[in-house]
Amino acid sequence: MNLDRTDRFVSRHIGPDGRSREAMLGTVGVSSLEQLIDEAIPSEIRLTEPLRLPPGESEHRYLAEMRALGARNEIFRSYIGMGYYDCIVPSVIRRMVLENPGWYTPYTPYQAEIAQGRLESLLNFQTMVMDLTGMEVANASLLDEATAAGEAMTMLYRIHSRRGVEANRFFVSSACWPQTLAVLRSRAEPLGIELHVDDVACFKPDGQMFGALVQYPDDNGNAIDFRELVGAGRSQGMLVAVATDLLALTLLTPPGEFGADVVFGNAQRFGVPLGFGGPHAAFFATREAHVRQMPGRIIGVSVDSHGHPAYRMSLQTREQHIRREKATSNICTAQALLANMAAMYGVYHGPEGLRAMARRVHMLARILEHELTELGYAQKNATYFDTLKIELPHPSRAHLDRVRAAAAGAKVNFRYFPDDSIGMALDETTGRQDVQTIVDVFARANGTAPARVDFARWEAVEPRFPAELARTSPFMQHAVFRSHHSETEMMRYVRSLERKDIGLDTSMIPLGSCTMKLNAASEMLPMTWPEFAGLHPFAPADQAQGYMQIFHELESALAEITGLPGVSLQPNSGAQGEFTGLMVIRAYYRGRGDAQRTVVLIPSSAHGTNPASAVMAGMEVVVVACDRHGDVDVTDLREKAGRYRDRLGGLMVTYPSTHGVFEDRIQDVCAIVHEHGGQVYMDGANMNAQVGLTSPAKIGADVCHLNLHKTFAIPHGGGGPGMGPIAVAAHLVPYLPGHPVTLAGDGRHISAVSAAPWGSASILLISYGYIRMLGGDGMTEATAHAILNANYLKSRLETHYPVLYTRANGRVGHEMIFDLRGFKQAGVDEQDVAKRLMDYGFHAPTVSFPVPGTLMIEPTESEPKEELDRFCDAMIAIRVEIQAVIDGRADTRDNVLKNAPHTAAEAVRDDWKHSYSREAAVYPLSFVKAGKFWPSVGRIDNAYGDRNLVCACPPVEAHAEIPR
C-alpha cells in the first residue's frame, strides 16, 4: 500500500489526463511525450539534469505551511504613510472582484465585444479620477505612483520638445516621496534629463526647465497652495505635474483647478489591501490637449454595429504594440484588476460616503494634534489632511528611542525622519482607540501619565481649510456613483458586469504570447489573508520575516530555473523587467568604462515593448531581419554586430521565438553578440516552453525577465497586475536595483525602478505557490504538456489553416501562427475570424501579431483535450463558413463572419434581415447551446471611437440609439 498523499497538485494543474495524452500523442504522430520534446527542442540546448527544487506539495499541506509563514509576519498598526494607507476592503468587493475568477482571469480587453463589463468599470475609474483631480481625461491605471511620476516627467518632456524649444531640466520638489525621487532618477538619466531637486520655496523657473513636479499634500503631510508656482512656471513655458491623494481631494482644491497639466498618484487607499507594496493601481490624468501623449490604456465610448454605445480601448496607435520605439511608453500590463476594485469602492461609497470618510480621518488627525500638543510636542504642518509631523519637545536621541520603544510595545509603526521628527498618517481604519493608543505612546515617552482623550468635545467641530485650499466643486455626479450603495445593489451590479466578459471561468483563452493558464485557487488564497495583505511596504524587516523567507526561496527557485544566479523581484511588469534589465546592462558597461555601448539589436519579430524599453533606457535600436523561416537572420545579425562592434550593448531576443519556434541556431546568435562585446537580453515572454527543459543561461543569455503573470500563474486581471522580475549572470549582480527606503546597495546598483522594494509583493505569493505545489518535476511536466497541447492543435488545424513557421521537422514550441492572409481576396480577414469565435463562446487568439493577417494561438498546459477539441471544432466550422464565402454560397457582405458577433437582442428581433438563419448565427455547433455566452454588443466601430473621443461615463440618455 502506497501511503504517500494522492492529491498531487500537478494533476489539478495540467489539463490532459493519461488517456487523453495517449490519444493526443497519436494525433501528433509520436509514441511518447519524450519523443515530441526531442523533436520540438534542439538537443544542444536541452538540460541534462532535472531542476534542483523540492518535490511538489499537496494543496492542503502548502496552505498549512503558508499559515505558518504568515504567522512570522507581525501586523502592527502602521501610520507610516508615504503613499500607502490601510483601508477597509468592502466584503462584497473582496469576494466578488478580488477573489472572483470572473474578474481576475480575463485578459486585457483588446476584444472589446466580450469585455464590456470590465471596460465599463474602468471607465468608472477614469471618470472618478477625472472628477476628483479636476482634469479633463484620465487613463485606466498605471503600475504605481513612482513609475507614474516617471511617465509624467517623460510625457511633459515630449510635449515641451514638440514645441521646438530645447530644455532638459526638470524641477522636482524635495518634498516628494523618496521612492518617487529614486524612480525619477532611474527614468531621467538615460534620457539626458537633468533633475533639479529642491524645496519649492526655492523654485526659480527658467528657459532651461521644461517642467516641474510637486507633491500635494507633500512628503511631510503639508498641503501647500501651488497656484503661484504653477503661474510662475507657465510664464516660462513650463508644464507642471502634481502627485496627490484621491481621498484628500474630496476636501482639498483639485490640482486641475490651480492649473496642473498632469495629476497622478496611488489609488490604493480606495479599497485595495496594502499587500506589502502591491499590487495597487496608480491613476494618471491630464488635459484633453495632451491626451495623445498620455501613457497607458484609455477606455473610450464608441458605437457597435447596431448603433448602441459600446466601450473599447481608445487611441491604441499611441501604444508600444503598434508604435514600438516611437510609442508614448513601454507599458503593456497595467493594474486593471486593482483599478476595478478602486472604481467599485467609489461606486459603493459614492461622493457623500467618500467625503464623510475624509472628514472623519481629518478630524481624528486634528484631535491627535491637539492631544500631542497638550503633551508638549509640536506639530509642524501648517495645513494637512491626514498626516502629522511631530517634533519632540526637547529633541534628543534618548527621547526618540523612548518613542520607538513605546511604539513597538504598542505594536505601532510611525515614520521616523532623518531630523528626528516623527510622521504619522491616519486612514480609514483609524478609530478612537487608535488615537488613544498613539497619545499613550507619546505620553509614556514623555514620562507623563496617559490621559483619556475627550472625543465628545470635538463632535460639534467641523473640518476647516484655508479658503484657497478648500474644495468647493462637486465630484462624481454620474448616476453610477449614486445608485449602488446597498450590498444587494452592489452585488447585482458587479455580477451584471461580470456576465458580459469572457474569462478562463468561461472557456479557454488561446492568446499567443500571453500564456493564459490556470490560476489555481490555492495559489490565490494566501494573497488576501490578513497576515500577508495587511503589511505596509516600509514596515521594519523584522515584522515581515514570513515575506522575507518567501522572497529568498522564490529568488533561489527562479535562479535555478533560469540558470542565472542573481534575481531582483522589484520590477512590477514585464515591460518594467525589460527596462530594468537594460539599465543593469547599461550600468555594467558604465562601471567598466564602456559608456558608449548603447546600441541594442532587436529582431523585427520582437514584441513592441522591446524597442520601447530600449529607448527608455537610452539605447539606440537597430533592427535585425528575420529569414524566410521566421528565425533571426544570422547573416544580418553578424553584419550588424560587426558594424557596431565598438558600440554594441546587446541583443534583445525572445526564446522560443515570437513565432513560436525553438530556433536551432540560438546559441550561435548569442555567441555572435558576445564575440562583439555585447550582452544578451532574453525576453521571458515564452518561458512557459522552457522551464525544466532548457534555460536562458543554457542558450547563452546574460539577463532575462520573467513574466510571472504568464509562466508562473499570476492572473492577468483583465489587464494587470503582473510581475516582471529579472535574473542576471554573476557579473551583473552588483547592478541590480536598490531602493531608498529598505534596499541599500554598494553604490553600483541602479536606482529603484518601482515604488515598493519588492514590487507587487503580495502576488509573488501566487508564483511561490505555483513553484512549491508543482515542484521541479511538476513544472517540467507542465512545460512538456504546453508543447503537447500546441502541437495537438497544430495537427488538428493545419489542414484547414496554413501554419506560418515551424522547425524543419514541422514541430512548434508552445504556440503557433496560422496564416489567414489568403482569405482576404474573398473579403474575409483575421478580424472576422476573431469576432466569429465569440459566437462559439471563445476569446480570439492573438490577432495580427507578430505578423499582420494572422492568428497566434497558445493553448497552455492547463486546457484538457475536450476543450482543445471544442476550440478546434469551432475553428474548423469557421473555415467551412469562410469557404462558403469563397465559393459564393454566402454573400460577401451579409454573412456570419462579417456580422459577428451576434447578440441576443439581435437574435430575437422580429425583423431578422440576414440571408442566413438565426441558428447558424448563434448556435453554429451543438456544444454552443449547452452553455451559450452572449456578447452584449455587436461589432464595435473603432474608428468612430477615436474620431469622437469620450473617456468618461456617458449620461444615461446616451444609451438610446445613436444615429450613424
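Trainee: What should I know before I start?

Mentor: This is a predicted model, where local features need pLDDT of at least 70, side-chain atom pairs count only at pLDDT 80 or more, and totals for chains, interfaces and linings use all residues. Residues are numbered from 1 along each chain as its sequence is written, and side-chain values use heavy atoms, with hydrogens and water left out.

Trainee: How many helices and strands does the protein have?

Mentor: Helices (H or I, at least four residues) and strands (E, at least two) are DSSP runs, numbered from the N terminus. Here there are 30 helices and 25 strands.

Trainee: What does the radius of gyration say about the protein?

Mentor: The radius is taken over C-alpha atoms, and the globule rule is 2.2 Å times the number of residues to the power 0.38. For 964 residues, a compact globule would come near 30 Å; the protein has 28 Å, which agrees. Its C-alpha trace spans about 85 × 75 × 70 Å along the principal axes.

Trainee: How many of the residues are buried?

Mentor: Buried means under 20% relative accessible area, exposed over 50%, partly exposed in between (1.4 Å probe, protein chains only). In this protein, 65% of the 964 residues are buried.

Trainee: Which residues have the most contacts inside the largest nonpolar core?

Mentor: A nonpolar core is a set of buried Ala, Val, Leu, Ile, Met, Phe, Trp, Tyr and Cys residues joined through side-chain atoms within 4.5 Å. The largest has 248 residues, and Phe414, Met424 and Phe442 have the most contacts inside it. Helix H12 (residues 336–374) gives the most to this core, with 21 residues. A second, separate core has 32 residues, including Phe210 and Cys951.

Trainee: What does Met424 touch?

Mentor: Contact means heavy atoms within 4.5 Å. Leaving out residues up to four places away in sequence, Met424 touches Phe414 and Phe442, among others. Tyr79 is also one of its partners.

Trainee: Where is Phe455?

Mentor: Phe455 is in the loop between helix H14 (432–446) and helix H15 (487–498). At 13% relative accessibility, Phe455 counts as buried too. Its C-alpha atom is 9.8 Å from that of Gln436, 19 residues apart along the chain. Outside four places in sequence, Phe455 contacts Leu364, Ile367, Arg432 and Val435.
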